[in-house]
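Please read them with the structure open beside you.

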There are 2 protein chains.
Amino acid sequence: MSQSFRRGVCLVIAAPSGAGKSTIAQALRDTDNNLFTSVSVTTRSPRPGEKEGEHYYFRDLATFRQMAENGELLEWAEVFGRGYGTPRAPIEKALAQGKDVILDIDWQGFRLMKKALPEDVVGLFILPPSLDVLESRLRGRQSDSEEEIAKRMMAAEDEISHWSEFDYVVVNQELEKAIEEARSVLMASRLATERCSMAKTFL
Amino acid sequence: MSQSFRRGVCLVIAAPSGAGKSTIAQALRDTDNNLFTSVSVTTRSPRPGEKEGEHYYFRDLATFRQMAENGELLEWAEVFGRGYGTPRAPIEKALAQGKDVILDIDWQGFRLMKKALPEDVVGLFILPPSLDVLESRLRGRQSDSEEEIAKRMMAAEDEISHWSEFDYVVVNQELEKAIEEARSVLMASRLATERCSMAKTFL
């Protein structure tokens, strides 16, 4: 499209654990060459082989909190005492250059993202076909105790209760179809007139 | 999606003459089995082989105007003394049943549609790669005089000036890609949360 330029889309994908979010996000990343890969900040220690700036930016908790305070993180959370966040500067740069970004985070992260970048963020929620299917998928992993499964189901129900805050919803009944649908959301979001500007020939 | 129900989408496609609108709309209709085919009302006489209720609803001008007056048409126009319009009742019924509708009309029709069905209508504008390309496509048809081409270009520029009122824009540089993009707009519009309602398991 030589006559037009568009800002990038920041597609935020959320879902309860077990709905297939990571698989779907990875499938989009694997087949799309206009995506910028966001590297998160974390306060946990690097695992063997993990590299600063490639897998994560590793920061101590005080630095992490200061970054959040300074507005250097678009969204962040502390989970079980560990901080995770999305740095603002690289994403703003990518979007301004017309690159797109996919983030898989939770509904709280989505709210923060939407607040930080209201015109760039598109929210996609992935639902399992039903809670029963979700539970049997979680049980399929086998390693978890009944208590652990009950906890995960409660967390899943909490996450699901926010589905309608998102712009789009995909029900992951059949993986290939769900991937195709998620891809159509990304493609259509790129075509939104509000993100496009046309050259003078069309103004 | 047994747990969910959604209203249909009414995709309105507009474009300047020569941008490929009819080809793209037809490609979507040929490959999609959830579409309701809207039959227009017209005041022109049936051509040989044209059947009432299949190709058009044929009405005289007085009846047509009365229908518009009564709100029985979602959008309508009189062009060179001939009336064309889209009947309301069949489309409202189709959308309520979850069927989708594609209409290829102009920007004025789109405005009327958006006013009549603000929550159901999604607007897609098809642009040629440039005005030069559009002009050479129009010249390629050869049959038209210079005056006719100049008139068409003026009409095209007028239509194009409204592109940003639409929700999505596709630049038809390469037909297959433009069809894929238009299809993603239809598919994504179906996934919009505002059109979906979930069963109680998810509320």
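1. In this predicted model, chain A is divided into domain 1, made of residues 1–34 together with 100–203, and domain 2, which covers residues 38–97. The centres of these two domains of chain A, taken over C-alpha atoms, are separated by 20 Å, and their contact draws on 14 residues from domain 1 of chain A and twelve residues from domain 2 of chain A.

2. Between domain 1 and domain 2 of chain A, about 1,000 Å² of area is buried, and carbon and sulfur atoms give 74% of it. On the domain 1 side, A:V101, A:L112 and A:L117 supply 35% of the area that this domain of chain A buries against domain 2, which is more than any other three residues. The count of salt bridges between domain 1 and domain 2 of chain A is zero.

3. Chain A also holds an open sheet of five strands, in the order β3-β8-β2-β9-β10, with parallel pairing. Its edges are β3 (35–36) and β10 (168–171) of chain A, and because each has a single partner strand, one side of each is left without a neighbour in the sheet. For β3(A), the pairing is with strand β8 (residues 100–104) of chain A, in the parallel sense and over two bridges; within it, A:F36 has A:V101 in β8(A) as its bridge partner.

4. Which residues of chain A does UniProt list for "binding site"? The unreviewed entry gives A:A15, A:P16, A:S17, A:G18, A:A19, A:G20, A:K21 and A:S22. Of these, A:G18 lies in the loop between β2 (10–14) and α1 (21–31) of chain A, and A:G20 lies in the loop between β2 and α1 of chain A as well. Leaving aside residues up to four places away in sequence, A:G18 touches A:L134, A:R137, A:L138 and A:R141. A:G20 has a relative accessible area of 18%, and is therefore classed as buried, the cut-off being under 20%.

5. In chain B, strand β9 (residues 121–127) is mostly covered, with seven of its seven residues buried. In a regular strand the side chains alternate between the two faces of the sheet. For β9(B), both faces are covered: B:V121, B:G123, B:F125 and B:L127 are buried on one side, and B:V122, B:L124 and B:I126 are buried on the other.

6. What are the neighbours that pair with β9(B)? Strand β2 (residues 10–14) of chain B runs parallel to β9(B) and is joined to it by five bridges, with B:A14 standing opposite B:F125. Strand β10 (residues 168–171) of chain B also pairs with β9(B) in the parallel sense, over four bridges, and here B:L127 has B:V171 in β10(B) as its bridge partner.

7. Elsewhere in chain B the pairing is antiparallel: six bridges join strand β6 (residues 73–79) to β7(B), and two bridges join strand β4 (residues 41–42) to strand β7 (residues 82–87). B:G85 in β7(B) takes part in both pairings, as the bridge partner of B:W76 and as the residue opposite B:V41. The strands β6(B) and β7(B) form a hairpin with two residues between them, and B:F80 in the turn has a positive phi of about 50°.

Key: Residues are numbered from 1 along each chain as its sequence is written. Chains are lettered from A and ligands numbered from 1 in the order in which they are written. This is a predicted model: local features need pLDDT of at least 70, side-chain atom pairs count only at pLDDT 80 or more; totals for chains, interfaces and linings use all residues. Side-chain values use heavy atoms; hydrogens and water are left out. UniProt positions are given in the numbering used here, feature names are shortened, and annotations may be inferred rather than shown by experiment. Contact means heavy atoms within 4.5 Å. Buried means under 20% relative accessible area, exposed over 50%, partly exposed in between (1.4 Å probe, protein chains only). Two strands pair if DSSP finds at least two bridges between them. Domain bounds come from an automatic or database domain assignment. Buried area is the accessible area (1.4 Å probe) that two parts lose on being put together, summed over both. A salt bridge is a side-chain nitrogen of Lys or Arg within 4 Å of a carboxyl oxygen of Asp or Glu.
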